[in-house]
Amino acid sequence: MNQSLPAMGERKLLEKLTKKLGREPTAAEIEQARMLLQARKKAAATMAEEEAALECPVCLMLPEGEVHQCNEGHCCCVDCWNRLADPRRCPECRQPVAKANRNRAAERAIAALAWSCEHCGEATTRGAKAAH
């Protein structure tokens, strides 16, 4: 090998790259693969953070349909919102809430998130999930 790679992840990267190329990779190819791997990890972390920020704080699930919010901007999925008992109060800040107050920006953000079918593996968005 033309470079010492102490980290286990880097050894695996080098092994996969060698297998894919059918030869020992050059330093430039190793660096390109490292950069691609770092970009993929960063993108995955960003997606996970986005999903966590959009999940319902009551059921801890990513909403499938409508998203409602209180006047302070705390969001809930429609199922948890409809289960709020009278007097209706936000589960986070305990402020009174209206019967309906949708957050369409959150709904669009959730619909744009990546999703893949667990049965066939097709990759699409959460918004196109129902059509699949």
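The chain exposes about 9300 Å², and carbon and sulfur atoms supply 53% of this area. Accessible areas follow the Shrake-Rupley method with a 1.4 Å probe; for residues, only the protein chains shown count as cover. The model is predicted: local features need pLDDT of at least 70, side-chain atom pairs count only at pLDDT 80 or more, and totals for chains, interfaces and linings use all residues. Residues are numbered from 1 along each chain as its sequence is written, and side-chain values use heavy atoms, with hydrogens and water left out.

Confidence is given as pLDDT, the predictor's confidence in each residue, from 0 to 100. The chain has a mean pLDDT of 85, and 94% of its residues reach 70 or more. Over residues 1-6, the pLDDT is below 50. Beyond near neighbours in sequence, this stretch has 15 contacts in the model (contact: heavy atoms within 4.5 Å). Where pLDDT is low, the predicted coordinates should not be read in detail.

The secondary structure comprises four helices and four strands. Helices (H or I, at least four residues) and strands (E, at least two) are DSSP runs, numbered from the N terminus. Their order along the sequence is α-α-β-β-α-α-β-β. Confidence is lowest in helix α1 (residues 8-21), with a mean of 80. It is highest in strand β1 (residues 67-69), at 95.

The radius of gyration of the chain is 22 Å, whereas a compact globule of 132 residues would have one near 14 Å. This radius is taken over C-alpha atoms, and the globule rule is 2.2 Å times the number of residues to the power 0.38. Along the principal axes, the C-alpha atoms fill a box of roughly 70 × 30 × 20 Å. Among contacts with a separation of 6 or more, 32% join residues 24 or more positions apart.

Of the 132 residues, 23% count as buried. Buried means under 20% relative accessible area, exposed over 50%, and partly exposed in between (1.4 Å probe, protein chains only). E10 is found in helix α1. With a relative accessible area of 27%, E10 is partly exposed. The C-alpha atoms of E10 and C117 are separated by 30 Å; the two residues are 107 residues apart along the chain. A131 lies in the segment after β4 (123-125). A131 counts as exposed because its relative accessibility is 74%. Its C-alpha atom is separated by 13 Å from that of E64, 67 residues apart along the chain.
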